[in-house]
Amino acid sequence: MSMFTYRDIIKEGDLIIVYLDVRHMYPITIKSDEVFQSKYGALKHNDCIGKKFGSVVSCTKGWVYVLFPTPELWTLTLPHRTQILYAADISLIVVQLDLKPGSVVCEAGTGSGSLSHALVRAILPSGFLYTFDFHEQRVEVVQNEFKAHGLSSYVKVEHRDVCSEGFGIDQVADAVFLDLPNPWDVIPFTVKTFKLTGGRICTFSPCIEQVQRTCLVLQEYGFLDIVTVECLQRVYDVKRITHTIISFDDIKVDDTSFNKSKEDDIDGMEEQQPSSKKNGSGQSAQKENETISHWTAIPPLQTPGHTGYLTYASFMSSCKS
Ligand SMILES: C[S@@+](CC[C@H](N)C(=O)[O-])C[C@H]1O[C@@H](n2cnc3c(N)ncnc32)[C@H](O)[C@@H]1O
């Protein structure tokens, strides 16, 4: 199957995402007569065949949804061989690398292939992803996944140490992405990898010390517009709150604090201000006890969720030293 060509009906051999709830999702490949066990009991693969993606399918002790595998769902369910990138950082990477259909991207390291799936979707149908990792077993596993998900025509994964050997391809890339411990060692190689028209680079590093070293090397090699950002999600607490209406009726305006030239304006304002003297009917005391309630969004006091810093820069071929 191809993860990038949506199909309505589930067939034998398809990858599907079994959705129990937002915290429990599992990728399975449909095989006749096999059974998937979950907390809702046994799900027969045969019961999924012929059903529409998105349907509810019964298990022995409940039911599940059977979903089409998008890159986002793959990121949430893939078997981890490494730390991976998640949707929040991925979305920024795709936008800031200016990826579009036809873009050519070089990525290192491939890791578990979480980002790779999103990169391929962004550059389809005429772009290409070259992705590199120096861990041989990871390369083999991710290669099989790319093949099973129908990505093979858009991505080449290579076993290579990019810190010592670079990418080994010249003047091909519109964008370079680095998620490895020492991106500054790779930057000198990247200048040969960019197309003559230049392109965008992005590095992902968990520590600010890594960012500092990366920025210095980016500067040294003439990269422009170097910017580091951190993507944190702030979840607002939406609440209905009630508070007392504060009456300003008893507050006296001290005319002497205004300068003389404003006197005419102040006279005008005074006429509009309700004062406690003007409505001596006890109206202000009554207002003090009035309340008002409305919905409000309260931001979190702290914003946890640090994953890493994303450093972007632009490369123009005239930058080459
Ligand atoms: C954190 S993982 C990348 C995760 C990936 N971005 C994802 O979303 O799945 C880092 C990967 O970089 C690879 N790596 C580290 N140093 C490398 C190097 N010098 N050359 C190639 N790959 C390297 C590691 O083997 C590891 O698989």
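Predicted model: local features only at pLDDT ≥ 70, side-chain atom pairs only at ≥ 80, totals over all residues.
## Overall fold

The protein has 321 residues, of which 29% are buried. Its secondary structure consists of ten helices and 15 strands.

Among contacts with a separation of 6 or more, 66% are between residues 24 or more positions apart.

## Ligand shell

The ligand is surrounded by 22 residues. Gly109, Gly111, Ser114, Phe134 and Cys163 are the closest of these. By class, ten of the shell residues are nonpolar, eight are polar and four are charged.

Three elements each supply at least two residues of this shell: helix α4 (114–123), strand β8 (128–133) and helix α6 (162–165).

## Helix α5

Helix α5 spans residues 136–148, 13 residues in total. The distance from its first C-alpha to its last is 19 Å, close to the 18 Å expected at 1.5 Å a residue.

The buried residues of α5 are Val142, Gln143, Glu145 and Phe146. They lie on the same side of α5 because they cover an arc of only 165° around the axis. Strand β9 (155–159) is included in what covers these buried residues. On the other side of α5, the exposed residues are Glu136, Gln137, Glu140, Asn144 and Lys147. Gly150 follows the helix and has a positive phi, near 75°.

Definitions and conventions
Residues numbered from 1 in each chain as written. Helix = DSSP H or I, 4+ residues; strand = E, 2+ residues; numbered from the N terminus. Buried ≥ 20, exposed ≤ 12 C-beta atoms within 10 Å, placed from the backbone. Contact = placed C-beta atoms within 7 Å. Near = placed C-beta within 6 Å. Nonpolar A, V, L, I, M, F, W, Y, C, P; charged D, E, K, R; others polar. Expected span 1.5 Å × (residues − 1). Arc of directions from axis to C-beta.
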